[in-house]
Amino acid sequence: MIKGAVSVCSIVDQTSFLYHARFPDLSAGNTCGNSSFLPCKSGTKVPDYGNHLLLLQGRDKITPRAAYRIPPESEDAQRQSSSDSSDDQLIIFPENDENLEEPRKGRAASKIQSSIDLQQIAKNQGHQVTILDKLKAVHLHILAMEQWNMSRLKICHQNYSASAINMLHYLALKSLDTQQIKEELSSIGLMNLETINTHVLSSLSGCIEMLINSRPDSLLGLKESTEGLPVHQCLGDKNVYLGMTAMVKKASSNRDLLLGKLQSLKKAHIMVTVGQETAENDMHITDLISSGATIFRINCAHGNTELWSKIITTVKRCSHLLEKPCQILMDLAGPKLRTGRLKDGPCVVKISPKKNALGRIIRGAQVLLSPQGAGLPPSHLSPDVILQVDGEEFLSKLEVDDSVRFTDARGKRRSLRIISKYPVFSGAGFMAECSKTAYAESGTALYIKEKGKKSSVGFVVGVPPAEQFVRLRVGDLLVLTRDSSDKQDTSPCSAVGTHKMTCPCGYLFDSVKPGDPIAFDDGKIWGVIKGTTISEVVVTITHAGPKGTKLGSEKSINIPQSNIRYEGLTSKDLMDLDFVAAHADMVGISFIRDVHDIVVLRQELSKRKFSKLGVVLKIETQGGFEKLPLLILEAMKSGNPLGVMIARGDLAVECGWEKLADIQEEIMSICSAAHLPVILATQVLESLVKTGVPTRAEITDAANGRRASCVMLNKGKHIVKAVSTLDTILNSQCTNAKAELKPLMLINRVG
């Protein structure tokens, strides 16, 4: 990211040089010009892009600072990590003028550029630089930025040429301290530089022309332009249109190519993560689509090709029946660090009635008895427990108010009272109420006691294994071991407060060192590494819930301050990529860290001739965020539909919670300039999804998702309700909201 900015005043004094696409060999004796111009931001620093020349001027100082060079942290390391060092940097200012290309001809903005002679103004020390002068300097600066990075633009796919140029214009604008110029533009009622991301050049050109035409005594004598849209004839034989209308259409076109067209007047897509619970469950998928879901996401880190095929077939069947097109996104697992699998627990489910603070039962547990293989119940039912029953005769004889008796896993005698009957797929389902705590397991016999007759019997089947976990508290020790073949249990390894889990990824043990912070399960648990061996890492827990926090199988592990080097696409990813291309519309690339990851991806897509497969770059690491412009330019070398996902779970842990809002805003701004659709993901309406009741902050967060092209929800018990709520928030019409506000009336009081 561009973290610093250069004073516009410095650019004003260099405009004549920029016009000739040359930059002087600056030394410590060069000065920046009149100190009355706009000051630069303090602490200017532009890391991650290699060599830069920055023109700095101290705030409120007569004598400006000299230009200087910021070298990369390790030039040798950069040369070793990339065969072409230019791929690891964007040129904000050229190091010398030998590598610059000659000025291009045919630029539509040349009418403005060719007439500018601010060098004469700079020589006139008594002249006060106007807002027009500053805008022209900014205008030339963004054109110079484009010129200096021409080698990158020429190899972009023609579908993204205009978008790549506009993104470079935006980055050039962001590299300047434009606070004063923003205030001056605002004071005269002209454009806001914060809102021109999608069409930077055309907005600046239009504003300059407006100012010129409003000055009858113009010193520069520029004539009003007769062309409304600037055109670049600079990328070979291609004409690249950069007008405002063309840019807006390009952004809309890129969104539709990747995510599909929205129906009716909707403004944003809704994506839902689905898994085992939706396989072959037409009713659940139908409810999601009817509520507003337009994209379904499958995480390749879980399940297999057989499960994925069932989910995709179900989604496509329901989509066709409802005549509502839906897209499929499949996320490659990527090189994510995760905890290993714990030993499966017993196949038992707890039936627990609701109690108040005094321990008194206020409502019995709601238990749904359904035929074997019936799947999930309709969305309007919210049972506490679902028991699948093998026994057609038993179910056929059930009636409301019947008492179903059974002996639970502890040998306790319990009963269920049937309170209602529902049609559930094949056969019928029955809602029952249990007034005492019970534990049902696969094989538990259910029977109805009938007078003078033999009892009808059904058997509980398909109870999944209970999820195993370790409960970690502050001060506990957790030992992570490399051996993933050793099945662990939840008992302490050696002493109270000591736990052991596996991590099948060898990167963890090869790269971490004592003192590194480590986080688990998207930051729910934090610790510090106390010691390492070739096969073990010992962690002291420093943050967990007051009563401890559960850590289960396949939960994320983040080590923000380590230098772990991952492979971009794992061998599993490459195997899954073939299935994804054959069955899905988009592929999500997880844990992107540098340009090399995109290079490998492009090579694999080209090798397999997957030119129509949509590509979603998931930004969830510090490296991925800092190198986002470079990643986008590299991905733009191919013509695949392209988008970006802000994966806020890992991103917050990697970059810091307090920085997440600014990082999210910056990613959205860069993608807006690049005309790429953005998918906002992780914990959107999380409380609503899990409990059925949203928090106030969640509603506001979801409303901010209107700036994105798509908002993603994770799976949960109340996911259908959450989709419906999100659809209302994202796509509600402004007129509806205004209709609820009564106009203020002035009341005239007489006498």
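Being four residues apart in helix α13, K310 and E306 are separated by about one helical turn, where helices (H or I, at least four residues) and strands (E, at least two) are DSSP runs numbered from the N terminus. These two residues form a salt bridge whose closest N and O atoms are 3.9 Å apart, the term denoting a side-chain nitrogen of Lys or Arg within 4 Å of a carboxyl oxygen of Asp or Glu. K310 counts as partly exposed at 33% relative accessibility and E306 as exposed at 53%; buried means under 20% relative accessible area, exposed over 50% and partly exposed in between, with a 1.4 Å probe and protein chains only.

The model is predicted, and local features need pLDDT of at least 70, side-chain atom pairs count only at pLDDT 80 or more, while totals for chains, interfaces and linings use all residues. Residues are numbered from 1 along each chain as its sequence is written, and side-chain values use heavy atoms, with hydrogens and water left out.

The structure holds 28 salt bridges, including those tabulated here.

| Pair | Closest N to O distance |
|---|---|
| K174 and E666 | 3.9 Å |
| K310 and E306 | 3.9 Å |

K174 lies in helix α8 (residues 161-174) and E666 in helix α21 (residues 660-673), so this pair ties together parts that are 492 residues apart in sequence. K174 is partly exposed, with a relative accessible area of 32%, whereas E666, at 17%, counts as buried. Both D331 and R297 are buried.

A search of the whole structure finds one aromatic pair, formed by W308 and F579, which is tilted, at 5.7 Å centre to centre and 55 degrees between the planes. Rings of Phe, Tyr and Trp (its six-membered ring) pair if their centres lie within 6.5 Å, with planes under 30 degrees apart counted as stacked, over 60 as edge-to-face and the rest as tilted. W308 belongs to helix α13 (residues 305-322) and F579 to helix α16 (residues 571-583), so the contact ties together parts that are 271 residues apart in sequence. Both W308 and F579 are buried.

Helix α19 (residues 628-635) is largely enclosed by the rest of the structure, because eight of its eight residues are buried; among them are P629 and E634.
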